[in-house]
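Let's take a walk through a protein model together. Keep the picture beside you as you read.

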Amino acid sequence: MNEFSALGLSQPVVDAIAALGFERPTSIQSQAIPKLLHDDTDFIGLAQTGTGKTAAFGLPLVEMADASVPETQALILAPTRELCLQISRELAQFGQYQKGLRILPVYGGADIGKQIRELKKGIHILAATPGRLRDLMRRGAVDISKVQYVVLDEADEMLNMGFKEEIDEILQKTPESKLTWLFSATMPEEVRRISNQYMVKPFELSVGQPNTGNEDIDHQYVAVRPKDRYDALRRFLDYDSDVYGLVFCRTRRDAGELAEQLTRDGYRTDALHGDLSQAQRDRVMERFRSRHIRILIATDVAARGIDVDNITHVFHYNIPEDLNFYTHRSGRTGRIGRKGISLILAHPKDLALIRRLEKRLKTQFSPVEIPSGQEIFEKRLLGFFRRIKKAEGHEAIRPMLPQLMEELEGLSREELIHRLASMTMSRGMKTHLNGKELNAKNKASRSSTKGVELFINIGNMDVEGKAGFLSLICNQSGIPGSAVGKISLNEKHTFFYMEEEAAEKVIRAFDGKEYQGRELRVNSSQPKTGKKKMKKKAFKKGKKKYQGARG
Ligand code: AMP
């Protein structure tokens with residue numbers, strides 16, 4: 001028996017799934033579908049996009065909708081137009097063999113008159129953004145008084161976007177007896193509150209840990225000075241010839257400028273941000289999906305609901321302002337069992353934020369090095385020669401071979417290869433050959449958190465602020481102030497970062513010495529618990545060489 005029919009789905013739906021090429025259910029599908037089909041229960045699914053969550057609720061909805069009853073039986077609320085469209089597209093495919101089943105997406109920014117006309121035809125399953133649906137309800141264009149199922153998809157995103165009020169108003173107009181299924185990538189308080197308010201003993205399912213990252217995503221970061229960030233990004237883009245990626249920026253202006261700069265440098269790229277009209281956004285997305293664009297630059301808001309398969313890399317041109325965005329950004333890769341890289345181009349000051357992310361996602365970020373220009377140059381050249389090895393000779397050239405060989409007579413194999421290699425050197429490759437070292441130096445500058453972290457039992461009670469602390473340390477040990485990095489001053493003790501060599505001088509100057517009647521202790525700060533120790537080690541261990549996309 002097909003694995004999908006074993007979940008309780010009927011033949012027309014199973015056939016539709018087969019037509020889509022889904023071979024076996026994903027984890028959330030195999031757990032949720034039987035539950036949703038057979039138990040009359042509210043449901044919470046903690047799952048990110050890319051886990052197959054749309055089908056997890058969509059298949060049961062399509063299965064249970066009755067096309068012969070002219071009523072809206074299921075309502076799906078989703079944060080963005082993109083997502084509404086995707087959901088309705090996907091559900092229409094699941095229901096392709098069910099005669100007369102009508103599914104409609106309604107969302108803001110589009111002609112409301114047209115949507116009203118569509119609604120009049122009678123819709124069984126409605127996918128809507130909350131704002132537009134409320135609008136339609138107020139105009140009396142939609143009747144949700146008979147819905148049996150309400151799905152809140154990407155609930156966290158809907159609340160992030162400020163749709164709480166609309167959701168409240170909408171849910172109040174749905175019947176008491178309906179079942180509510182909520183999906184969310186993260187479970188902040190506000191989502192909990194919604195579920196407490198509207199759901200009865202929901203069955204909870206989480207694929208992966210709540211608030212954690214997806215195992216198929218390799219989380220990496222690299223410390224790079226702001227002035228080198230653009231060149232660093234280019235190195236990563238050039239390292240893998242088949243990067244199909246997203247680059248996140250914080251502001252539309254940054255996104256626009258970055259796309260422009262990359263385009264000028266010959267990349268197939270475009271920007272997706274809030275300044276674009278809907279038609280322009282659609283065009284950009286279409287070009288990305290069809291791979292005319294290989295690098296899409298996006299802001300967090302504009303990228304909501306983007307669902308594109310096979311994205312190999314998500315680059316964070318800046319660490320997101322709101323760390324919750326990180327999960328949404330990185331979840332665009334590593335989908336349906338494929339591996340992906342999520343790489344933060346971090347300001348050297350951002351290390352503490354990365355630690356917070358590690359804690360939150362219960363995962364480790366690997367520090368990587370920016371590939372050197374020489375490395376990329378060599379990789380590209382080798383790639384070219386490997387392609388030669390695999391290439392098939394064109395028939396049309398065969399008759400010319402004797403003449404061509406004669407043309408190059410006298411050239412040795414070595415000379416021939418050398419000249420061929422030289423001729424394939426593109427402008428970009430030459431640039432890499434002269435590329436400078438971009439990895440931020442292992443030096444504890446004032447802003448850097450690199451080097452070693454020291455603990456000393458001198459604190460606010462002994463010195464006048466950070467400046468006082470710094471001058472005490474420098475005067476006593478003879479090190480320059482520039483060797484000291486971040487200082488965290490507490491009442492009785494201080495943690496501070498140092499260049500490794502200077503740290504030894506500080507330890508010699510202070511450790512065991514007497515200061516204001518007490519013995520001083522200076523040591524390399526040790527985390528207290530075993531778990532922490534492990535994490536710390538991960539940060540201290542050397543940066544790993546960037547390996548590019550995994551298989
Ligand atoms: P979602 O998590 O719902 O955004 O789904 C991510 C992508 O995976 C969509 O493009 C789906 O069409 C696809 N998908 C969902 N379920 C499966 C499955 N069982 N096998 C293969 N692909 C799937």
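How far does a backbone N or O atom of Gly52 lie from an oxygen atom of the ligand? The distance is 2.7 Å, which falls under the heading of a polar contact (a pair of N or O atoms within 3.5 Å; within protein, one must be able to donate a hydrogen and the other to accept it, and residues adjacent in sequence count only if both atoms are side-chain atoms).

Before going further, a word on the model: it is predicted, local features need pLDDT of at least 70, side-chain atom pairs count only at pLDDT 80 or more, and totals for chains, interfaces and linings use all residues. Residues are numbered from 1 along each chain as its sequence is written, and side-chain values use heavy atoms, with hydrogens and water left out.

Back to the ligand. It is surrounded by 17 residues, and the closest are Arg24, Gln29, Gly50, Gly52 and Thr54; a residue counts here if one of its heavy atoms lies within 4 Å. A polar backbone atom of Arg24 is 2.8 Å from a nitrogen atom of the ligand, while a polar side-chain atom of Glu90 lies 3.4 Å from a ligand oxygen atom.

Ten of its 14 residues are buried, so helix 4 is largely enclosed by the rest of the structure. Buried means under 20% relative accessible area, exposed over 50%, and partly exposed in between (1.4 Å probe, protein chains only). Among the buried residues of helix 4 are Cys84, Ile87, Leu91 and Phe94. Their cover includes helix 1, helix 3 and helix 12, where contact means heavy atoms within 4.5 Å.

Strand 15 pairs with strand 17 in the antiparallel sense over five bridges (two strands pair if DSSP finds at least two bridges between them). Within that pair, Val452 stands opposite Met498. Strand 20 also runs antiparallel to strand 15, joined by three bridges, and its Asn523 is the bridge partner of Phe455.

Notes
Helix = DSSP H or I, 4+ residues; strand = E, 2+ residues; numbered from the N terminus.
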